[in-house]
Amino acid sequence: MDAVVEGCSACEELRCDGTVGPGGSPDENGETTIDAMIMNGVTMEVGAVAGMRYVSDGIKAARLVMQHTEHTLLVGEHASIFVISMGLPGPTNLSSEESIGKWINWKKNNCQPNFRKNVLPIDSCGPYHPISSTNLREKECLNSESQASLDESASYHFNLHNHDTISMAVIDKLGHIAVGTSTNGASFKIPGRVGDGPIVGSAAYADTDVGACGATGDGDIMMRFLPCYQVVESMRLGMEPKVAAQDAMVRIARKYPNFVGAVFAVSKNGVHAGACYGWTFQYSVRSADTSDVQVYTVYPEISQV
């Protein structure tokens, strides 16, 4: 657990890719918020925060939820109030010159792209109102006749520089497994949006009896399938990590052929593999058998299904 916190905290402090920690991924209002989760694969305890404002230490906040509450997930400003009361520094402004500049340029581009659908703006940046119910019903009827109707994902918004999650798994000398995640979400998300980062079973999952999984990508789509829970359960049933990871991607791609995502899987014995869809993915491994971190590149092997 300590190693997970230290590892994710390092990425938060480094602001990895601008998508972890403070100073990145502004929402429609220009604000940066934090999502994070930690899971103990021995006890199955989970602590998580989502949409957390004014506090930059996401993974430490998630652990405080685990240690000092009977809850699994705290959200928004009340999560901030709780973790500050438990000793984390704050409140602090999570925006940066870079994130505010990014938001200003987005506003100049008529607030495009964005994550809204079936709405019309009063002007280029809203306020928005629903399209008429008649038109919406007609659209739904047309979509029901098309196999592609499920694939209304906004995955074209997601790439390395506007959305990513650090997802980490650690196995100690006793074979105990823990996982953690941290992210500042998707750029220009609708305020209040929570991605897959703090959702147990989606961005990460661990069971010391089996292994662990981490994921990143289009969280709005991926959380509908709980891919990391699926990976661990597939390994429990005998699948090798590579096959389990690929299977999880295929399950999503069948319904959303344009989504972007990746997972890594690791067995309790340390056998690891990755699978991705729609992009090239890298994950890193450090073990007692290696003198340094090894980076593995995973290419998309799954064709559209």
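Let me start with a term. Partly exposed means a relative accessible area between the buried cut-off, under 20%, and the exposed one, over 50%. Lys242 has 29% relative accessibility, so this residue counts as partly exposed. Keep that scale in mind. We will come back to Lys242.

Now the overall picture. What you see is a predicted model. The chain has 305 residues, and 49% of them are buried. There are eight helices and 13 strands. The accessible surface comes to about 14,700 Å². Carbon and sulfur atoms hold 52% of that surface.

On to the salt bridges. How many does the structure hold? Nine.

Pair one is Glu28 with Arg116. Their closest N and O atoms are 2.7 Å apart. Where do the two residues lie? Glu28 is in the loop between α1 and β1, and Arg116 is in the loop between α4 and β4, so the bridge ties together parts 88 residues apart in sequence. Buried or exposed? Glu28 has 9% relative accessibility, so it counts as buried. Arg116 is at 30%, which makes this residue partly exposed.

Pair two is Arg236 with Asp207. Here the N to O distance is 2.8 Å. Arg236 belongs to helix α7, residues 227-236, and Asp207 to strand β8, residues 204-207, so a helix and a strand are tied together across 29 residues of sequence. Arg236 is partly exposed, at 39% relative accessibility. Asp207 is buried, at 9%.

Lys242, as I said, is partly exposed at 29%. Glu301 is exposed, with a relative accessible area of 55%. That value is over 50%, so Glu301 passes the cut-off for exposed.

Last, the network. Which residues are linked in a network of salt bridges? Glu31, Arg53 and Glu77.

To recap the pairs. Glu28 and Arg116 connect two loops. Arg236 and Asp207 connect helix α7 and strand β8.

How values were computed: Residues numbered from 1 in each chain as written. Predicted model: local features only at pLDDT ≥ 70, side-chain atom pairs only at ≥ 80, totals over all residues. Heavy atoms only, no water. Helix = DSSP H or I, 4+ residues; strand = E, 2+ residues; numbered from the N terminus. Buried < 20%, exposed > 50% of the residue type's maximum accessible area, 1.4 Å probe, protein only. Areas by Shrake-Rupley, 256 points an atom, 1.4 Å probe, with all protein chains shown as cover. Salt bridge = Lys/Arg side-chain N within 4 Å of Asp/Glu carboxyl O.
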